[in-house]
Amino acid sequence: MQEAILQQYGDSLPEVSPLELEAILKAFPRTKVLLNHTETQLEYYSTIPVHNIHPKDSRRELFYKAIKDLAAPFFEREVIEEGIRQLRQDFTVSSTEHLNSLSEFFSLNSAFGQAIYREGKQQNALITFACATVKNDNILESRSLFVNMEKVRMLSKKYQEHMVLAAPQMDNSLFIKNLQQSLQKENISADSSQLIQTWCNNFISECKHCTQLWENIVIFNKLFWNSLLQRNKLILAENYIMLPQEILVRNALLAMLEAREENWLYSMLLDEEQLRLLEELFDGIRTCWERGTYKGTFLFWGNKNGQPVSLMLNQNRFISEDGSINIPVSREDLQFALLQEKIIPAGNLCFLYLYFYLGLRMFGGILQIQYLPEMKERFLAKNIFGLPASELEIVKNTDAELYLNLEQRLISRGGLTRLTEQIPEHYFELYKDYTIDYEIRGCLGYLGELLST
């Protein structure tokens, strides 16, 4: 099947020598497990069971309120309520995507993967808690819209080093100018260009209350997914709910700090000895930190004029290398710094809250399935916080190795042109038929590049 697809549609796999493969699998050992999965994407995603393990206390209720409050400006109440009901039955989301638009093939491809998972369980929402502390021009994915592979910037290049969650709302006139240039450059027909521009004008009108770029992207994805389904008569989950995980976790932590909740995560955040134990526990893991250096960041990113700054623990303070950000470890100081957005939860703190504390199961990309299982193994083996068996069971029974594919496929190509061109029906069937090992082989070139940098 794979060879036929290769010949017919020109999909290609990176060339990796046996020595390069050996080095990649040594550095990213869990890749080898997925290379042994020869089932199709349909078989892989549709046979994953729901995740409905619940803590005995009500810790998730605070989290559900944080979701409702953050989602309220962007989604209808019924959509939010349906999403919460879905989470109560299946506590599973995707954290694969950076917070960028579905016109970019990485994100659209993973949306279709999540759709296969949801389809088999008759669930009506794709729920994604996306990383939003990446820079707007992150090397892997750009916070832009796309016409085919042509980038349509929504903001001036002066913001390209900003975190997406710290960037201002899109510049409407600049966006329209760039859109028109991209449509012309890609030789899009006059009729199709008019349809795309009309759709984008409606998108702009839906964003009239936005103040930040991430809000524009959340609204774009909601509208684009609905239009994509209607245009192609795809019977998939109707709603695409993307929220920035760092803001969601920040809001939940603020509520936790305000309520002075008695739990291990709250205690850890305010206790230097426990923070030191954590610093040692996750030292050297990708997405965490390296002690004694400013590689990675410890629990929070500093926000310096919109750009992410590494913080480390020093003398019971979260301190940047140049000392410009200096936050004492205390309830009041953390509350103030979070409210003022001087600090923002890093990915490692988001995982501590979402995965380890709540037991949220999260689909991840090729890197998440490397580092999250390693964090889990160390967390369970050391039990540095002296947690009871009931707490450890939540972590033990929450899968950390669910993979969601990001490779470019026929169904995810085209960007904004998908608003005017129907996806051939067999493209989705082809997408379902790709095998997991084939998709993983598509990631090997990227992993090889990481080794060489």
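The legends below describe close-up views of cavities and cysteines in a predicted model. Residues are numbered from 1 along each chain as its sequence is written, and side-chain values use heavy atoms, with hydrogens and water left out. Because the model is predicted, local features need pLDDT of at least 70 and side-chain atom pairs pLDDT 80 or more, while totals for chains, interfaces and linings use all residues.

**View 1. The largest cavity.** A search of the whole structure finds 4 cavities of 30 Å³ or more, a cavity being a set of points on a 1 Å grid over the protein atoms alone where a 1.4 Å probe fits but cannot get out. The largest holds about 90 Å³ of space, and among its 12 lining residues (those with an atom within 4 Å of a point), N136, R143, S144, R153 and L155 lie nearest its centre. Its lining divides into 4 nonpolar, 5 polar and 3 charged residues.

**View 2. The second largest cavity.** About 70 Å³ of space lies here, lined by I67, A71, I80, G83, I84, I127, F129, I241 and L243. Helix 5 (59-71), helix 6 (77-89), strand 2 (125-130) and strand 5 (239-244) each supply at least two lining residues, and helix 6 gives the most, with 3. By class, this lining has 8 nonpolar, 1 polar and no charged residues.

**View 3. C207 and C210.** The structure holds 0 disulfides, a disulfide being a pair of cysteine sulfur atoms within 2.5 Å. The sulfur of C210 is 4.1 Å from its closest cysteine sulfur, in C207, and is therefore too far for a bond. C207 counts as buried (under 20% relative accessible area, with a 1.4 Å probe and protein chains only) at 4% relative accessibility, and C210 is buried with a relative accessible area of 6%.

Key. On a 1 Å grid over the protein atoms alone, a cavity is a set of points where a 1.4 Å probe fits but cannot get out, and a pocket is an open set with protein on both sides within 12 Å along at least five of seven lines; lining residues have an atom within 4 Å of a point. Grid points are joined across faces, edges and corners, and a volume is the space filled by probe spheres set on the points. Ala, Val, Leu, Ile, Met, Phe, Trp, Tyr, Cys and Pro count as nonpolar, Asp, Glu, Lys and Arg as charged, and the others, Gly among them, as polar. Helices (H or I, at least four residues) and strands (E, at least two) are DSSP runs, numbered from the N terminus. Buried means under 20% relative accessible area, exposed over 50%, partly exposed in between (1.4 Å probe, protein chains only).
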